[in-house]
Amino acid sequence: MSLSTRELIAGYPRHARAALDRVSLEVARGTTLAIVGPSGAGKTTLLRVIAGLLRARSGDVRLDGASIVDLPPQERRAALVFQDDALFDNMTVRENLRFALRSNGASGEARVAEIAAALHVGERLDRRPRQLSGGERQRASIARALLSEPSLLLLDEPLAHLDPSLRRSVRDEIVGVRQRFAGPVLYVTHDHVDAMSVGDLLAVLIDGRLEDVGEPQRVYDAPRTLAVARFLGERPMNLFADGGALLGIRPERVRLCADGTVPGRVTRRETTGADIYLEVETDRGTIVARVPAADRTQPGENAMLDLPAQWCRRFDSETGVAVA
Ligand code: ADP
């Protein structure tokens, strides 16, 4: 199965702005597309339109080239896993998983056990959902989604309510899902680190518009638009006016060195443990540089910055689109 959407426009009654504004994207079989964007960007709306829970005002959703936009949700065979998992609390995990299999007209204890083991909830089959940790519930929800044998797997912020240590383990399971599920996976998150580590492809959705789609490292290093440059990253890309355009460079690409070409004065130092962010006032404006934790430069000191040309990105200041 492959998924594509064409020029989707969708919104809600009494909501002024379209939640999705001409969103077109393609996800090949066996590909995980991570969709990242700030809260309110339209990510959940996109998944709901694809799953058939919300009707698009116009545009098309296609599975293997055939339109599914007029099909009811149950005929689309899209499994949607939410941040608040929806396991039935009056059933054990095993019963929840069997239920998913039956909804697919199949049965098989072996299959339930196999998927449960793959998602590391094999030891929890006889418990009720409320007796599980958040991470276990989330993994059981994904197991249940896989057992319903969907054409498409749609994951909506499945890590949002988990502790940092659990996030990593559930994230690993999501990456592992690829070995058992051949269809397209759409993974929605507001966290760019999650998105970059889970996605084969990364899409950035902001204000209902798809700002960029591509290989995650490319989108990070060479964003197509200013909105992406500002949104992706631990810190936004540094941006300053440069001959009628805006020049952007990521903080970790700025070098602090005696033979730098941009003089400045350090105004702020923020340590993260792993490294340090220095804010440097220059005649081009404030430039943030990420330097190693061992760096001793203090606020008030002068610094020379080097902005390597290969890491600079130029944006049209009118359209916000990258020009080189
Ligand atoms: P995200 O998942 O990226 O946080 P959503 O898709 O939930 O964004 O929301 C996109 C926009 O649509 C937001 O402006 C949100 O306020 C609006 N919206 C979402 N759900 C509804 C709803 N049920 N009724 C009205 N507006 C909604």
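The points that follow go from the whole chain to its helices, its sheet, its cavity and a few backbone angles.

1. Basis of the notes. This is a predicted model, in which local features need a pLDDT of at least 70 and side-chain atom pairs count only at pLDDT 80 or more, while totals for chains, interfaces and linings use all residues. Residues are numbered from 1 along each chain as its sequence is written, and side-chain values use heavy atoms, with hydrogens and water left out.

2. Confidence. The pLDDT, which is the predictor's confidence in each residue on a scale from 0 to 100, averages 92 over the protein chain, and 98% of the residues score at least 70. Among the elements of the chain, the lowest mean pLDDT, 82, belongs to helix 6 (residues 164-177), and the highest, 98, to strand 9 (residues 201-206).

3. Overall make-up. The protein chain contains 9 helices and 18 strands, these being DSSP runs numbered from the N terminus, with helices of type H or I and at least four residues, and strands of type E and at least two. Taken along the principal axes, the C-alpha atoms fill a box of roughly 70 × 45 × 35 Å. Of the 324 residues in the chain, 49% are buried, where buried means under 20% relative accessible area, exposed means over 50%, and partly exposed lies in between, computed with a 1.4 Å probe on protein chains only.

4. Helix 1. How many residues of helix 1 (residues 43-51) are buried? The helix is mostly covered, with 7 of its 9 residues buried, and those residues are Lys43, Thr45, Leu46, Leu47, Val49, Ile50 and Ala51. Just after helix 1 comes Gly52, which takes a positive phi of about 90°.

5. Helix 4. In helix 4 (residues 109-118) the buried residues are Val112, Ile115 and Ala116. Seen down the axis of helix 4, these buried residues fall within an arc of 100°, so they line one face of the helix; the arc is that of the directions from the helix axis to the C-beta atoms. As background, an α-helix has 3.6 residues a turn, so residues three or four places apart point the same way.

6. An open sheet of 5 strands runs in the order 13-17-14-15-16, with antiparallel pairing, two strands being taken to pair if DSSP finds at least two bridges between them. Its edge strands are strand 13 (255-256) and strand 16, each of which pairs on one side only.

7. Pairing around strand 14. Strand 14 (residues 262-271) is joined by 4 bridges to strand 17 (residues 302-306), and the two run antiparallel; here Pro263 stands opposite Met304, and Gly264 stands opposite Ala303. Strand 14 is also joined, by 7 bridges and again in the antiparallel sense, to strand 15 (residues 275-282), where Thr282 is the bridge partner of Gly264. Between strand 14 and strand 15 the hairpin has 3 residues, and Gly273 in this hairpin takes a positive phi near 100°.

8. Pairing of strand 15 and strand 16. Strand 15 pairs with strand 16 (residues 285-292) in the antiparallel sense over 8 bridges, and Leu278 has Ala289 in strand 16 as its bridge partner. The hairpin that joins strand 15 to strand 16 passes through 2 residues.

9. Cavity. A cavity is here a set of points, on a 1 Å grid over the protein atoms alone, where a 1.4 Å probe fits but cannot get out, and its lining residues have an atom within 4 Å of a point. The count comes to 1 cavity of 30 Å³ or more, and the largest cavity holds about 40 Å³ of space, a volume being the space filled by probe spheres set on grid points that are joined across faces, edges and corners. Which residues line the largest cavity? They are Tyr220, Asp221, Met237, Arg250, Glu252, Arg253 and Trp311, and this lining divides into 3 nonpolar, no polar and 4 charged residues.

10. His120 follows helix 4 with a positive phi near 60°; His120 lies in the loop between helix 4 and helix 5 (134-147) and is exposed, with a relative accessible area of 53%. Glu149 has a positive phi of about 45° although it is not a glycine; Glu149 is found in the loop between helix 5 and strand 7 (152-156) and is partly exposed, with a relative accessible area of 38%.

Terms used:
On a 1 Å grid over the protein atoms alone, a cavity is a set of points where a 1.4 Å probe fits but cannot get out, and a pocket is an open set with protein on both sides within 12 Å along at least five of seven lines; lining residues have an atom within 4 Å of a point. Ala, Val, Leu, Ile, Met, Phe, Trp, Tyr, Cys and Pro count as nonpolar, Asp, Glu, Lys and Arg as charged, and the others, Gly among them, as polar.
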